[in-house]
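Please keep the structure in view while reading.

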Amino acid sequence: MKDDLYIVMPAYNEEAVIRSVVESWYAVLRDKTERSRLVIADQGSRDRTHEILLDMQKNGYPQLEILDTENRLHGPKVIALYDHALKNGADYIFQTDSDGQTDPAEFDAFWARRDQFTGIFGNRPVRGDGKDRAFVEKVVCFLLKLYFGVKIPDANAPFRLMKADIVKKYLYRLPADYNLPNIMITTYYVYYGEKYAFRDVTFKARKTGVNSVNLPRIVKIGWKALGDFRKLKKEMKATGQA
């Protein structure tokens, strides 16, 4: 089957690892279609991330695309990446992050099961990014169960393979500047009974740099998310269907 795959990832101040991350994930495209792409959204980086990406694009990485977005924040970048993949005819979209915390070697197990599920989502039983973030994820999953009645082990893992047609069903329900698109897309999948699965993945500690979303900002985003959840739940009840 000739399925066009778009691997998409947001980037921000990752000059120390971006070259190795691109090299490792670009290798996944070797046995994929010519139309498959690795797309990185880089906006607002204050280091050499963008310069390195441009150099790689010009020197041996023709399937690498650099997406400029108006919004520097992680969530809107992810939405812009999904939108780009959909508008360019992707059959499958795989989203991960550019900080080197995920392992490309684990991708094939997801790809091999793409005919069985329209969405396969990573589950991080061990979090290399610390107990604080693991706790935040547990709180998020509790709130999703409370608001939407869904049982989700890991709502926000940046390791997810999704059929593009299903992403299209739900992506445009969200504002373009929405902060938590992956959480809501996972929720839509479960709430509406799409064919989905969760699969354990490793999640390494960040080797360099500082995560752009620190705990104070997580709290701020989380507080706003409560209001967003109420609004989105109301809309879901109003439509009553996928």
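Two strands are said to pair if DSSP finds at least two bridges between them. By that rule β5 and β6 pair, in the antiparallel sense, over 3 bridges. The model is a predicted one.

**The sheet**

The strands belong to an open sheet of 7, in the order β3-β2-β1-β4-β6-β5-β7, with mixed pairing. Its edge strands are β3 (64-67) and β7 (196-200), and each of these pairs on one side only. From one strand to the next, the twist averages 20°.

Strands β4 and β6 run antiparallel and are joined by 5 bridges. The pairing of β5 with β6 is antiparallel too, over 3 bridges.

Which residue of β6 stands opposite Ile93? Met162 stands opposite Ile93, and Met162 also stands opposite Gly119.

Helix α1 (residues 18-26) lies across β1 (5-11), β2, β3, β4 (92-96) and β6 (159-163). Its direction is at about 155° to β2. Helix α6 (residues 164-171) lies across β4 and β6, and runs at about 95° to β6.

Trp25 is part of helix α1. Is Trp25 buried or exposed? Its relative accessibility is 1%, and buried means under 20%, so Trp25 counts as buried. Not counting residues up to four places away in sequence, Trp25 touches Ile7, Met9, Leu38, Phe94, Thr96, Thr102, Asp103, Pro104, Phe107 and Phe159. As a distance across the model, the C-alpha atoms of Trp25 and Pro181 are separated by 22 Å, and these residues are 156 apart along the chain.

Asp4 lies in the segment before β1. With a relative accessibility of 10%, Asp4 counts as buried. Its contacts, leaving aside neighbours within four places in sequence, are Thr33, Arg35, Ser36, Gly89, Ala90, Asp91 and Tyr92.

Thr118 is found in the loop between α4 (107-111) and β5 (119-123). Thr118 is buried as well, at a relative accessible area of 16%. Setting aside neighbours within four places in sequence, Thr118 is in contact with Leu161, Met162, Lys163, Ile166, Tyr189, Glu194 and Lys195.

**The nonpolar cores**

How many residues does the largest nonpolar core have? This core has 44 residues, and those with the most contacts inside it are Tyr82, Ile93, Leu144, Met184 and Phe229. Two or more residues of this core come from each of β1, β2, α3 (74-87), α5, α6, α7 (181-191) and α8. A second, separate core has 31 residues, including Leu5, Val17, Leu53 and Val201.

Apart from residues up to four places away in sequence, Leu144 touches Gly149, Val150, Ile152, Ala155, Ile183, Thr187 and Phe229.

**Aromatic rings**

A pair of aromatic rings is described by the distance of the centres and the angle of the planes. The model has 19 aromatic pairs. In one of them, Tyr147 and Phe229 are edge-to-face, at 5.8 Å centre to centre with 65° between the planes. This pair links distant parts of the chain: Tyr147 is in helix α5 (residues 131-148) and Phe229 is in helix α8 (residues 215-239), 82 residues apart. Both Tyr147 and Phe229 are buried.

Ring pairs also link Phe121, Tyr170, Tyr188, Tyr189, Tyr191, Tyr192, Tyr196 and Phe198 into a cluster. Tyr188, a member of this cluster, also has an arginine over its face. The table lists this case and one other.

| Residue over the face | Ring | Distance from the ring centre |
|---|---|---|
| Arg114 | Trp111 | 4.0 Å |
| Arg173 | Tyr188 | 5.3 Å |

Technical notes:
Residues are numbered from 1 along each chain as its sequence is written. This is a predicted model: local features need pLDDT of at least 70, side-chain atom pairs count only at pLDDT 80 or more; totals for chains, interfaces and linings use all residues. Side-chain values use heavy atoms; hydrogens and water are left out. Rings of Phe, Tyr and Trp (its six-membered ring) pair if their centres lie within 6.5 Å; planes under 30 degrees apart count as stacked, over 60 as edge-to-face and the rest as tilted. Helices (H or I, at least four residues) and strands (E, at least two) are DSSP runs, numbered from the N terminus. Buried means under 20% relative accessible area, exposed over 50%, partly exposed in between (1.4 Å probe, protein chains only). A charge sits over a ring if NZ of Lys or CZ of Arg is within 6 Å of the ring centre and within 35 degrees of the ring normal. Contact means heavy atoms within 4.5 Å. Axes are lines fitted to C-alpha atoms, for helices over the stretch in contact, and angles run from 0 to 180 degrees between N-to-C directions. A nonpolar core is a set of buried Ala, Val, Leu, Ile, Met, Phe, Trp, Tyr and Cys residues joined through side-chain atoms within 4.5 Å.
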